[in-house]
Amino acid sequence: MGAEDEEKPKGAEEKPTENGADENEEEEDGNEENEGAAAEGGDGAAKKKKKKKKKKKKKKTTAGGLTKGTPSQKAEGRMLNEGSFTDYYVAHGQTEPPSIPVVDLFRGYDGDTNTHLPPFPEGEIQEHPLDSNSHRISSEELRASERLQSNLYAKLRHASEVHRQVRHYAQSFIKPGIKLIDMCERLEEMNRKLVVEHGLERGIGFPTGCSLNHVAAHYTPNSGDDTVLTYDDVMKVDFGTQIDGRIIDCAWTVSFNPKYDPLLEAVKEGTQAGIKAAGIDVRLCDVGEAVQEVMESYEVELDGKTYPVKCIRNLNGHSIGPYQIHAGKSVPIVKSDDVTKMEENEIFAIETFGTTGRGYIVEDMECSHYMKNFHAPHVPLRLPRAKKLLGHINKTFGTLAWCRRWLEREDGGSFTVNGNKGQQEKYMGALKNLCDVGIVQAYPPLCDVKGSYTAQYEHTLVLRPTCKEILSRGDDY
């Protein structure tokens, strides 16, 4: 399986470099031709019919021993960028399906001895808007300031590359007919594998959201939920990866029916407008106004009726802190009066939601997402089960979000922390108690009116002193 199972040309066995393989293979071809010529002289026309051996298709082998391939698999989902391949990662030496931890494909941390590996891929670079920022892109002083943050940027890029590889892999199997719980568990297992899950040090940033149709966010299946994805569904896939608490929050919308394309395009372009408007010293209200202007210029026709695309006005992007998915600043997606400014080295999730409904969401349905409050009060707990559950949450998730499915796994959400003895049983009463006293916050699904359709696109960016880096950008969206 993977690179080790690939049949290598004879030349590559003797000399692993690409040039060496080419030279040896050319020698073999030359020998074959000479032998053929000699045979022609001795045996005549009978030997002329002997077919020339076909050259075997070679894969490029790097100095680090990784075998690089050529991406070739197209995704089935709509509105992914032209030229996006679900197996894009084979170009980096990854296997198909992925099996090599991302940290073994790249380097980037200070003191990293894997000098034969390329650095973690940099995200898309854009200049900061505003005339007052025009000097930043070429400032030597600010570049020196960035070098002091190299380890932070490496962690963010590491988590971003894990997210890219996991979501591309997911795009290969997200198809009509798949059960959502199977989809989430398969995606999350790959996330754990590629990030090399290690408790709070690195792992999944938050549960995989797979909200359908009028449900905009915060839905993931609980155990026993057998919901199946259909051709006419519009699903928002939202998941995260974290390295040392540095969370990458990134989402896209999956649909298969082309009639939803205008909705997806409106939200995708709204997110791009928000990213373009964001930057150091930019007011949050200006980002929201830019998003709304683009998104609400679209309309979508469904079953003979035309719907204007509306921004969901009570959903926002947000700043991200260490182990804190919502770090205090909210990025509106409609015009507002929030004149708070974005600041240097802040990390933001720019996410936008569009809908064919009323443009306002409410909490509804069974809850699956939970998170310990970042500033949780110290409350004496009387129930032993509540104390036990809180201890499990503290050591396994800290202040990162989690879901009920993870509590019910044998490892309780982290094999590194709990081994196979982490499963929580009869925990619902204890969980309710922790929510009631304010230690844990429940995050139920967020829904527009039934019968409407919602879409979401999201990227994480960092406001570096010289530029903004869209960390989670990929060839898919």
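Trainee: How many cavities of 30 Å³ or more does the structure hold?

Mentor: Start with the general idea. Rolling a probe the size of a water molecule over the atoms shows where empty space is left. A cavity is a set of points, on a 1 Å grid over the protein atoms alone, where a 1.4 Å probe fits but cannot get out. Grid points are joined across faces, edges and corners, and a volume is the space filled by probe spheres set on the points. This structure holds two cavities of 30 Å³ or more. The largest cavity contains about 140 Å³ of space.

Trainee: What kind of model is this, and how are residues numbered?

Mentor: This is a predicted model: local features need pLDDT of at least 70, side-chain atom pairs count only at pLDDT 80 or more, and totals for chains, interfaces and linings use all residues. Residues are numbered from 1 along each chain as its sequence is written, and side-chain values use heavy atoms, with hydrogens and water left out.

Trainee: Which residues lie nearest the centre of the largest cavity?

Mentor: Lining residues have an atom within 4 Å of a point. Here there are 15 of them, and Gly199, Ile204, Thr396, Phe397 and Gly413 lie nearest the centre. Strand 4 (residues 202–212) gives the most to this lining, with three residues. Helices (H or I, at least four residues) and strands (E, at least two) are DSSP runs, numbered from the N terminus. The chain has 12 helices and 20 strands.

Trainee: Thr396 belongs to which face of helix 9, buried or exposed?

Mentor: Buried means under 20% relative accessible area, exposed over 50%, partly exposed in between (1.4 Å probe, protein chains only). Thr396 is buried in helix 9, along with Ala386, Leu389, Leu390, His392 and Ile393. Down the axis of helix 9, the buried residues fall within an arc of 160°, so they line one face. That arc is taken from the directions from the helix axis to the C-beta atoms. On the other side, Pro384 and Lys388 are exposed.

Trainee: What covers the buried residues of helix 9?

Mentor: The cover includes strand 15 (369–372), strand 16 (401–403), helix 10 (404–407), helix 11 (415–418), helix 12 (428–436) and strand 17 (440–443). Take Ala386 as a case. At 0% relative accessibility, Ala386 counts as buried. Contact means heavy atoms within 4.5 Å. Leaving aside neighbours within four places in sequence, Ala386 is in contact with Leu381, Ala430, Asn433 and Leu434. The C-alpha atoms of Ala386 and Ala430 are separated by 4.3 Å, though the two are 44 residues apart along the chain.

Trainee: What span should helix 7 have at 1.5 Å a residue?

Mentor: The expected span is 1.5 Å times one less than the number of residues. Helix 7 (residues 261–277) has 17 residues and should span 24 Å; its end C-alpha atoms are 24 Å apart, which agrees. Helix 7 is mostly covered, with 12 of its 17 residues buried.

Trainee: Which residues have the most contacts inside the largest nonpolar core?

Mentor: A nonpolar core is a set of buried Ala, Val, Leu, Ile, Met, Phe, Trp, Tyr and Cys residues joined through side-chain atoms within 4.5 Å. The largest has 80 residues, and Leu156, Ile174, Met183, Leu229, Met235, Val237 and Trp252 have the most contacts inside it. Helix 5 (residues 150–173) gives the most to this core, with nine residues. A second, separate core of 19 residues includes Cys367, Leu390, Trp402 and Leu407.

How values were computed. 1 Å grid on protein atoms, 1.4 Å probe; cavity = no way out; pocket = protein on both sides within 12 Å on 5 of 7 lines; lining within 4 Å.
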